[in-house]
Amino acid sequence: MKFTLSWLKDHLETEATLAQILDALTDLGLEVEEVDDPAARLGAFTIARVIEARQHPDADRLRLCRVEVFPDGPGGRSEEVQVVCGAPNARTGLVGVFAPVGTHIPGTGVDLKPGVIRGVESNGMLCSERELELSDDHDGIIDLPADAPLGVRYIDWAGLNDPMIYIKVTPNRPDALGVRGIARDLAARGLGRLKPKEIAPVAGTFPCPIGVRIDPALKDKGCPLFMGRLIRGVKNGPSPAWLQQRLRAIGLRPISALVDITNFFTFDRNRPLHVFDAGLVKGGLRIHPAAGGERLEALNDKAYTLAPGMMVISDDAGPESIAGIVGGAPTGVTEATTDVFLESAYWDPITIAATGRALKVTSDARYRFERGVDPAFTGPGLEAATRMILELCGGEASEVVQDGAVPDTARSYAFDPARVVSLVGMDIPEAEQRGTLEALGFRLKGGRAHPPSWRPDILGEADLVEEVARIASLTKLQGRPMPRPSPGVPRPVLTPMQRREGAARRTMAGLGFNECVTYSFIDAEAAALFGGGAEAVRLDNPISSEMTHLRPDLLPGLLRAAARNQARGFADLALFEVGPVFAGGEPGEEALVATGLRIGHSAPRDPHGSRRAVDVFDARADAQAVLAAIGAPARAQIFRETGAGWHPGRSGAIRLGPKLTLAEFGEVHPRVLAALGVKGPAVAFTVALAAAPFPRTRTPTRPALQASDLQAVERDFAFVLDARTEAQAVVTAAQGADKALIESVQVFDEFTGPKAEAQMGEGRKSLAITVRLQPRDKTLTEAEIEAVAAKVVDKVAKATGGTLRG
């Protein structure tokens with residue numbers, strides 16, 4: 001919404017400065033997007049007189065001008081400067097517009113400097129309208145009346161010192177799409193007084209020969225009210241200078257008096273109007289749904305084919321206007337127009353928006369009608385425009401013709417001054433609240449507030465509170481701590497799952513991962529790579545073809561993020577995400593998981609040779625660190641069976657028993673990497689945050705550290721095994737020998753290959769483990785240690801068939 005300061009002051013009696021008005025607009029929710037202040041661009045241009053103009057001694061088309069200027073302003077000292085001018089109308093005694101040295105010329109983008117033109121000094125410039133961006137005229141310099149005051153700023157004398165203000169208007173504030181609505185807000189804030197604007201009806205002197213009729217199918221919704229009148233004997237010439245200047249200031253091109261008047265009321269009172277050349281209208285006007293296929297040449301020089309149901313205004317010859325959006329060229333007014341039909345109507349916002357989008361038409365009328373204009377101003381707007389047409393174009397007005405009635409917008413809501421404190425936290429006196437609402441046009445009666453017809457956005461008690469707080473200024477809101485519901489230390493507000501999620505995030509960040517946030521929707525092909533893509537998780541209305549299914553895993557999003565980073569030269573990556581995954585579309589088929597992805601190398605290049613490619617053991621260590629952070633049991637087992645997307649021979653699952661999976665880790669399948677455009681290999685892990693059992697008892701403190709002051713004992717064992725025996729089987733068997741004493745079991749050596757088979761037999765290998773015993777109540781004797789060792793050997797032998805290596 002654009003308007004000028006003088007336009008605003010037509011409705012607002014105020015002494016506020018431009019800066020105060022701008023600050024208040026933004027604070028009221030009408031954010032100032034741009035201010036074009038002519039004083040900043042044209043303030044240096046002053047009125048000066050040419051004392052003498054004579055021929056340049058070395059150029060036929062140049063003249064030497066002695067110019068009288070007043071550097072200290074009117075009434076101050078005068079100076080004489082020499083200017084070389086090429087304008088054909090430069091003459092002795094001319095009063096024009098002077099730009100001193102150092103002035104920026106907006107029309108050319110040049111900063112004036114002292115110069116020498118054909119051997120003669122020139123200090124300044126006499127300007128044309130084009131150089132001041134006032135018009136395209138550059139045939140000569142500006143020629144002012146002889147009595148124009150010398151030394152005065154040109155913009156002050158010409159009435160151009162009128163800043164243009166451009167504000168953003170939210171869709172719920174259609175009343176602010178008119179200058180009067182903006183003035184009303186500022187007056188309610190206290191920046192002035194809203195000037196009364198009484199609109200007296202214009203008495204018609206003859207019956208209107210053009211009738212209007214709304215199709216019954218549209219009266220209830222599409223067009224509740226249509227009215228108009230004929231004005232005959234008008235003269236449609238250029239509009240007056242003040243009106244043209246006002247329209248140009250907001251970026252509109254003056255066309256003719258009749259069109260300019262309708263544009264004026266569109267911005268002045270948020271009341272779009274339309275004028276038909278009555279001499280070209282055949283019969284009466286009918287507002288009806290289009291049958292489909294009708295074609296209309298519009299005033300914007302484009303042709304539109306109407307779809308069935310679109311609202312159209314037709315005469316006996318066919319469509320003449322797309323209702324509420326754009327008029328038709330066949331009945332458009334021209335300089336030859338002498339009789340004009342002025343239309344004012346109320347159109348349904350949803351219908352206008354649907355038609356405008358379908359036809360891809362953008363107009364000021366559509367912009368306002370689809371947000372909602374004041375239905376009660378339909379008649380007064382017609383009368384105000386009629387009076388201006390009679391004043392500027394002459395003519396004689398007919399009686400008003402009308403079909404339909406003003407829609408009933410009456411409604412009321414309970415007004416409770418205490419709600420401002422409970423909802424906003426501002427203590428505003430009741431009298432001030434009432435004064436605010438009344439200044440905005442609300443009617444207060446019997447403890448209820450009745451919104452005005454121009455405020456369709458007021459739909460409840462909370463909206464009343466918002467209006468009061470908005471006018472009072474939310475900048476006055478002071479932050480206050482919320483009162484505690486009970487004294488003492490408050491209870492924890494985070495749930496156990498939220499604390500677990502936070503611990504997982506901190507742990508992965510501490511391991512060097514960078515957090516990602518990806519969409520929960522992926523394409524069907526990526527979902528199928530990880531066992532998803534079923535019909536149950538397909539979206540009915542996806543926003544794109546790449547977001548058609550709920551994700552079964554976090555890895556597709558992380559892998560795509562990795563591919564984008566690799567394409568930009570980042571080869572070593574560590575990414576993680578915590579988020580939901582979906583096994584189905586029903587409640588309970590959603591799980592919260594933490595997933596990490598490593599690609600490339602474990603460390604940057606260095607002279608010590610510590611750089612190596614990441615492998616499956618990095619992924620396992622990461623998964624175990626996250627499990628430890630969230631409080632999962634330490635004695636979980638590792639199994640080979642994993643889900644879709646993992647390399648079958650280089651991955652594993654960490655489980656409590658054979659069924660409860662805590663995490664999966666390993667290399668990502670090469671087929672998955674190729675499908676998602678990732679240069680591998682890549683290792684990853686996924687931890688199911690809800691799978692690990694929560695503590696049975698909840699305490700606000702951590703459990704006591706169970707440390708022993710007795711020395712631990714370590715024993716090494718080397719077993720001869722079948723070459724296909726897994727190390728995990730040996731570790732698990734050894735741990736089960738004595739769960740109370742054995743603290744840990746670690747593999748520290750494996751002897752395989754031809755040399756091993758030469759010593760131990762074909763298909764055999766040697767695996768060495770360290771068993772750490774930690775006594776709790778007494779130091780272990782040698783006999784006790786040997787007894788545990790025997791149990792270890794026996795357990796491993798039974799589980800794997802291995803024998804102790806001699």
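Which residues line the largest cavity? In this predicted model, the lining consists of Ala414, Phe415, Asp416, Arg419, Val420, Gln433, Glu461, Leu464, Val465 and Val468. Residues are numbered from 1 along each chain as its sequence is written, and side-chain values use heavy atoms, with hydrogens and water left out. Because the model is predicted, local features need pLDDT of at least 70 and side-chain atom pairs count only at pLDDT 80 or more, whereas totals for chains, interfaces and linings use all residues.

The structure holds one cavity of 30 Å³ or more, and the space in the largest cavity is about 50 Å³. A cavity is defined on a 1 Å grid over the protein atoms alone as a set of points where a 1.4 Å probe fits but cannot get out; lining residues have an atom within 4 Å of a point. Grid points are joined across faces, edges and corners, and a volume is the space filled by probe spheres set on the points. Helix H12 (419-423) and helix H14 (461-472) each supply at least two residues of this lining, and H14 gives the most, with four residues. Helices (H or I, at least four residues) and strands (E, at least two) are DSSP runs, numbered from the N terminus. By class, the cavity lining divides into six nonpolar, one polar and three charged residues. Here Ala, Val, Leu, Ile, Met, Phe, Trp, Tyr, Cys and Pro count as nonpolar, Asp, Glu, Lys and Arg as charged, and the others, Gly among them, as polar.

The largest pocket has a volume of about 1,200 Å³, a pocket being an open set of points with protein on both sides within 12 Å along at least five of seven lines. Its lining comprises 38 residues, of which Arg620, Gln624, Ile638, Phe665 and Gln728 lie nearest the centre of the pocket. At least two lining residues come from each of helix H18 (616-629), strand S35 (637-639), strand S36 (646-656), helix H20 (727-735), strand S40 (742-751) and strand S41 (764-773). The pocket lining has 18 nonpolar, ten polar and ten charged residues.

A salt bridge is a side-chain nitrogen of Lys or Arg within 4 Å of a carboxyl oxygen of Asp or Glu, and the whole structure contains 45 of them. Glutamate 667 forms a salt bridge with arginine 650, with the closest N and O atoms 3.4 Å apart. This pair links glutamate 667 in strand S37 (residues 660-668) to arginine 650 in strand S36, 17 residues apart. Glutamate 667 is buried at 14% relative accessibility, whereas arginine 650 is partly exposed at 45%; buried means under 20% relative accessible area, exposed over 50%, and partly exposed in between (1.4 Å probe, protein chains only). Glutamate 714 and arginine 772 meet in a further salt bridge (3.0 Å, N to O). Glutamate 714 lies in strand S39 (residues 713-722) and arginine 772 in strand S41, so this pair ties together parts that are 58 residues apart in sequence. Both side chains belong to partly exposed residues, glutamate 714 at 44% relative accessibility and arginine 772 at 28%. Salt bridges that share partners join Arg173, Asp175, Asp185, Arg455, Asp457, Glu467 and Arg470 into one network.

Lysine 219 and aspartate 403 also form a salt bridge through their side chains (2.9 Å, N to O). Lysine 219 in helix H6 (residues 216-219) and aspartate 403 in strand S26 (residues 401-404) are 184 residues apart. Lysine 219 is partly exposed at 33% relative accessibility, while aspartate 403 is buried with a relative accessible area of 14%.

Strand pairing was examined next. Two strands pair if DSSP finds at least two bridges between them. An open sheet of five strands has the order S6-S5-S4-S7-S12, with antiparallel pairing. Strand S6 (79-85) and strand S12 (125-126) are the edge strands, each pairing on one side only. Within this sheet, strand S4 (residues 46-55) and strand S5 (residues 63-69) pair in the antiparallel sense over six bridges, and arginine 54 has leucine 64 in S5 as its bridge partner.

Strand S24 (residues 339-346) is mostly covered, with seven of its eight residues buried. Strand S16 (residues 225-232) runs antiparallel to S24 and is joined to it by eight bridges, phenylalanine 226 being partnered with alanine 345 in S24. Strand S17 (residues 274-277) is likewise antiparallel to S24, through four bridges, and aspartate 277 stands opposite valine 340 in S24.
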